[in-house]
Amino acid sequence: MSNNSLSSEHIKYLKKIRKRKRTIFIAQISILTIGLLLWELAARLNWIDSFLTSYPSGIWNLFLQYTKNGGLFYHVGISVFETILGFSAGTLLGILIAIGLWWSDFWAKVLDPYLVVLNSLPKTALAPILIIWVGAGYSGIIVTAITVSIVITIMNMYFSFISVDEDKIKLLQTFGATKFQILKKVVLPYSIPTMISTLKVNIGLSWVGVIVGEFLVSKAGIGYLIVYGGQVFKLDLVMMSVFILALISALMYKGISILEDKFLKWNE
Amino acid sequence: MDKKTIVEVNEIGMTYHTFNGETEALRNIDFSVYEGEIVSIVGPSGCGKSTLLSIIAGLIKPSTGKVLVNGKKVTGPTKDIGYMFQRDHLFEWRTILQNVLLGLEIHGKVEDNAIKTAEMLLDTYGLGDFKYNYPRQLSGGMRQRAALIRTLIVEPNLLLLDEPFSALDYQTRLAISDEIGIILKREKKTALLVTHDIAEAISLSDRIIVLTNRPARIKDIIKIELTCPEGIWSPIKCREAPEFRHYFNKIWKELDVHV
């Protein structure tokens with residue numbers, strides 16, 4: 001429909017919505033800008049102790065310095081690598097185990113209390129043990145990241161698998177479908193929305209695993225920069241690392257959202 | 001009977017076991033369905049009508065007795081039988097065309113020819129413009145029509161319909177039951193329909209099987225012969241037949257409903 005065929009009332013309505021969207025966006029940007037400006041100002045006028053709080057321009061200069069000597073990319077690269085590996089392995093293994101539980105009702109019942117206990121346990125408590133077992137390097141950190149995301153993946157996916165409408169399965173059975181076909185044609189596609197929301201949660205959880213792992217053992221990575229910066233009281237470094245961490249995990253989350261739009265066309 | 005027997009239900013009995021005890025759902029059910037017939041099963045709610053259909057479809061095993069479809073004993077789901085449910089159960093993540101092809105996919109028979117047949121059927125039944133749409137964009141009646149095509153395309157020679165119109169609103173229900181009745185007759189399908197709607201059963205069927213309360217037994221089998229106006233068979237038109245009221249009262253009495 002072209003614009004000139006719209007009634008003036010409808011144009012007014014559209015304008016109102018656009019204006020509201022714009023106002024929200026401006027407010028969001030303003031909060032960030034004003035916050036940063038006040039922080040900078042407070043530090044320069046000595047209202048706050050910039051040794052303890054750092055300040056935006058200091059962080060920015062450090063950022064430029066770390067970018068120039070390539071150190072930043074090295075540390076970020078390692079953390080991202082660990083996170084993506086932990087995230088993928090945790091999610092994939094979790095889904096496979098959930099499929100196994102769906103396949104065998106007996107084992108689902110047997111393992112249920114163990115899953116409940118593991119789910120309520122804060123997985124980061126296991127990190128020191130895992131690192132001793134697996135090794136104080138990338139592998140230990142990655143296993144920690146897997147541990148944090150795998151249990152919730154199993155539980156979410158299994159719950160989604162068993163909530164498929166019985167009649168939909170019956171329908172496939174009347175066509176003579178095998179159990180594997182039932183899994184492929186209805187159980188998995190039905191669970192794609194759950195899978196995507198689990199991916200979103202797992203991005204955050206894998207980062208928790210990686211950062212905790214790096215706090216404990218690493219010689220490199222964003223978690224290492226934070227711990228190191230804290231120990232030598234270089235708050236610029238700590239703040240910069242936290243900002244970068246926020247930025248990257250937001251980007252990854254956005255990536256999953258794009259995936260969601262692609263896979264859930266039918267849901268519009 | 002000179003016609004070929006499609007379904008032979010032989011002394012079927014069914015008892016359900018749960019932790020709290022056992023329930024006898026069906027007792028001594030015995031009847032046959034012949035080629036080209038539409039037979040309805042009516043009975044009080046919860047009497048085990050759907051259980052009976054599931055047994056014929058091979059989805060559950062009866063406690064006693066056996067079912068023969070096309071002369072062969074039913075031991076599990078077969079390709080000869082198509083099943084329609086109360087709700088359409090179209091998969092939301094598939095387009096209408098993909099939904100219609102589901103059964104063929106399971107049989108591993110999706111070829112260019114099959115896709116052409118599917119498109120032709122969709123065109124014939126007024127869904128041609130919607131084949132690339134998703135189910136949620138269709139009305140309830142259209143969805144149920146798509147579900148029927150999904151069942152018909154695998155060419156079963158027996159259709160089991162488990163209250164297939166009960167999830168629709170009244171007007172749609174009348175229109176769709178009329179349409180599906182005509183489609184079944186045109187495609188010369190044999191069908192067994194479970195319903196609790198007496199009028200629907202009379203207008204669609206050649207014979208009606210009346211079941212008793214649980215445990216369900218056969219109370220009566222009624223042959224329906226309506227003189228439909230204008231000599232054209234159509235379930236809606238046939239509701240105007242003079243015999244309609246007579247059958248209605250007879251079945252209503254036999255169902256013996258106490259509220």
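A residue is counted as buried if 20 or more other C-beta atoms lie within 10 Å of its own. This criterion is applied below to a predicted model.

Strand β8 of chain B spans residues 190–194. B:Thr190, B:Leu192 and B:Val194 point one way from β8(B), and B:Ala191 and B:Leu193 point the other way. All of these residues are buried. In a regular strand the side chains alternate between the two faces of the sheet. Because five of the five residues of β8(B) are buried, the strand is largely enclosed by the rest of the structure.

Strand β3 of chain B covers residues 38–42. Its burial was examined on each face. B:Ile38, B:Ser40 and B:Val42 lie on one side of β3(B). B:Val39 and B:Ile41 lie on the other. With five of its five residues buried, β3(B) is largely enclosed by the rest of the structure.

β3(B) and β8(B) pair in the parallel sense, over four bridges. Individual positions can be assigned along this pairing. B:Ile38 stands opposite B:Ala191 of β8(B). B:Val39 has B:Leu192 as its bridge partner in β8(B). B:Ile41 faces B:Val194 in β8(B).

β8(B) also pairs with strand β7 (residues 158–162) of chain B. This pairing is parallel and runs over five bridges. Within it, B:Leu158 is the bridge partner of B:Thr190 in β8(B). β3(B), in turn, is joined to strand β9 (residues 207–211) of chain B by four bridges. These two strands run parallel. B:Ser40 has B:Ile208 of β9(B) as its bridge partner.

These strands belong to an open sheet of six strands in chain B. The order is β6-β7-β8-β3-β9-β10, and the pairing is mixed. β6 (81–84) and β10 (218–223) of chain B stand at the edges. Each edge strand has a single partner, so one side of each is left without a neighbour in the sheet. From one strand to the next, the twist averages 15°.

Helix α10 of chain A comprises residues 192–217, and helix α11 of chain A comprises residues 222–231. Their axes come within 7 Å and cross at roughly 50°. That angle makes α10(A) oblique to α11(A). The crossing of α10(A) past α11(A) is right-handed. On the α10(A) side, the contact is made by A:Val210, A:Ile211, A:Glu214 and A:Phe215. α11(A) contributes A:Ile222, A:Gly223, A:Tyr224 and A:Val227. By class, the contact has six nonpolar residues, one polar residue and one charged residue.

Chains A and B also meet. 14 residues of chain A are in contact with 18 residues of chain B. On the chain A side, the elements that give two or more residues are α8 (166–174) and α9 (179–190). The largest share, seven residues, comes from α8(A). The residues on this side divide into seven nonpolar, four polar and three charged.

Technical notes: Residues numbered from 1 in each chain as written. Chains lettered and ligands numbered in written order. Predicted model: local features only at pLDDT ≥ 70, side-chain atom pairs only at ≥ 80, totals over all residues. Axes fitted to C-alpha atoms, helices over the stretch in contact; angles between N-to-C directions. Parallel < 35°, antiparallel > 145°, perpendicular 65-115°, else oblique. Left-handed = near helix turned anticlockwise from the far one by under 90°. Contact = placed C-beta atoms within 7 Å. Nonpolar A, V, L, I, M, F, W, Y, C, P; charged D, E, K, R; others polar. Buried ≥ 20, exposed ≤ 12 C-beta atoms within 10 Å, placed from the backbone. Pairing = 2+ DSSP bridges.
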